[in-house]
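The following note sets out points for a colleague who is reviewing the model. Please read them alongside the sequence and the coordinates.

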Amino acid sequence: MFNYAHINWTSSNTAGALQGRGGLQSAIAGFNAGNGTGWTPLPYSGEGRVIKLKEFSNVGVPGRWLFRVDEEIIRGGCSNESIGYLTTAPIAATMIGGVYVNVSGPCLRGGDVVKVIFDEYQVDCVRLNMHRAQCVLPVNRMYKTGLVNVKMSRDGGQSYPYVGTFYLCEFTASKIFFLHFLKDFIAYSQNRAGRSEFHA
């Protein structure tokens, strides 16, 4: 959350500003993922109008700018190793299932048949690009909560050399998880007929 009550300058003196105004380079406001990637500028950032940040808002309170930053950051790239770790996004969901889960880790070739085992339930996945595939968590088959093992296969289930973990929450644990589940399940139901290669 950014709260701007007063903005006293919009450019530095070294950029040619006179008493904080004008200059060749306007102030830049925004945020990144904490690791130097994923830069998201605020409106008016880098413009002479950056002073307007105190007048406008994206949540209806002048000067207040709110952004969600708790999404999982998936490392860029992939591995050509024959064994290794996999990453899931999101890292957790309710035990009811039906949620889209992106998996990444190994480099995925065009002909790879990707399957993932969540605990003991195997699901077919769709290769989205060389960096990730997308699966749907099994619906009404996961009757446990807590950390479960996840394994990934690129060869149609003959071997599962990529491993990771996933957290299953109780269905009643969070209204937020319920809303995400409902949204994803509706989208899955609507898209299932059009994606014949996708099986849960």
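Strands are DSSP runs of E with at least two residues, and helices are runs of H or I with at least four residues, numbered from the N terminus. The model is predicted, so local features require pLDDT of at least 70 and side-chain atom pairs pLDDT 80 or more, while totals for chains, interfaces and linings use all residues. Residues are numbered from 1 along each chain as its sequence is written, and side-chain values use heavy atoms, with hydrogens and water left out.

1. Surface patch. Met1, Val59, Val61 and Leu66 make a nonpolar surface patch of about 340 Å². Patches take residues with over 30% relative accessible area and no salt bridge, joining nonpolar side chains (Val, Leu, Ile, Met, Phe, Trp, Tyr) within 5 Å and like charges within 9 Å. Accessible areas follow the Shrake-Rupley method with a 1.4 Å probe, and for residues only the protein chains shown count as cover. Val59 is partly exposed because its relative accessibility is 37%; the classes are buried under 20%, exposed over 50% and partly exposed in between (1.4 Å probe, protein chains only).

2. Thr88 sits in strand β8 (residues 87-89) and is buried, with a relative accessible area of 4%. A polar atom of the Thr88 side chain lies 3.3 Å from the backbone oxygen of Pro90. A polar contact is a pair of N or O atoms within 3.5 Å; within protein, one must be able to donate a hydrogen and the other to accept it, and residues adjacent in sequence count only if both atoms are side-chain atoms. Pro90 itself is in the loop between β8 and β9 (92-94), and the peptide bond from Ala89 to Pro90 is cis, with omega near 5 degrees. Most peptide bonds are trans, and most residues other than glycine have a negative phi.

3. Pairing around β11. Strand β11 runs antiparallel to strand β15 (residues 146-153), and 4 bridges join them. Two strands pair if DSSP finds at least two bridges between them. Ile117 stands opposite Lys151 in β15, and Gln122 in β12 is also a bridge partner of Ile117. The antiparallel pairing of β11 with β12 comprises 4 bridges. β15 in turn pairs with β16 in the antiparallel sense over 7 bridges, where Val150 has Gly164 as its partner in β16.

4. Side-chain directions and the aromatic pair. From β11, Lys115 and Ile117 point one way and Val116 and Phe118 the other, and all are buried. How many aromatic pairs are there? The count comes to 1. Phe118 and Phe166 form this pair in an edge-to-face arrangement, 5.6 Å centre to centre with 75 degrees between the planes. Phe118 lies in strand β11 (residues 115-118) and Phe166 in strand β16 (residues 162-169), so the pair ties together parts 48 residues apart in sequence. Rings of Phe, Tyr and Trp (its six-membered ring) pair if their centres lie within 6.5 Å, with planes under 30 degrees apart counted as stacked, over 60 as edge-to-face and the rest as tilted. Both Phe118 and Phe166 are buried.

5. The turn at Asp119. β11 and β12 form a hairpin with 2 residues between them, and Asp119 is in the turn. Asp119 has a positive phi of about 60 degrees although it is not a glycine. The loop that holds Asp119 runs between β11 and β12 (121-124). Asp119 counts as partly exposed because its relative accessibility is 23%.

6. Salt bridges. The whole structure contains 3 salt bridges. Asp119 pairs with Lys144, the closest N and O atoms being 3.0 Å apart. That pair links distant parts of the chain, 25 residues apart, with Lys144 in the loop between β14 (132-136) and β15. Lys144 is partly exposed, with a relative accessible area of 38%. Lys115 pairs with Asp124 at 2.4 Å between the closest N and O atoms; Lys115 is buried at 14% relative accessibility, whereas Asp124 is partly exposed at 21%. Asp112 meets Arg109 at 3.3 Å, N to O, and Asp112 is buried, with a relative accessible area of 13%.

Methods
A salt bridge is a side-chain nitrogen of Lys or Arg within 4 Å of a carboxyl oxygen of Asp or Glu.
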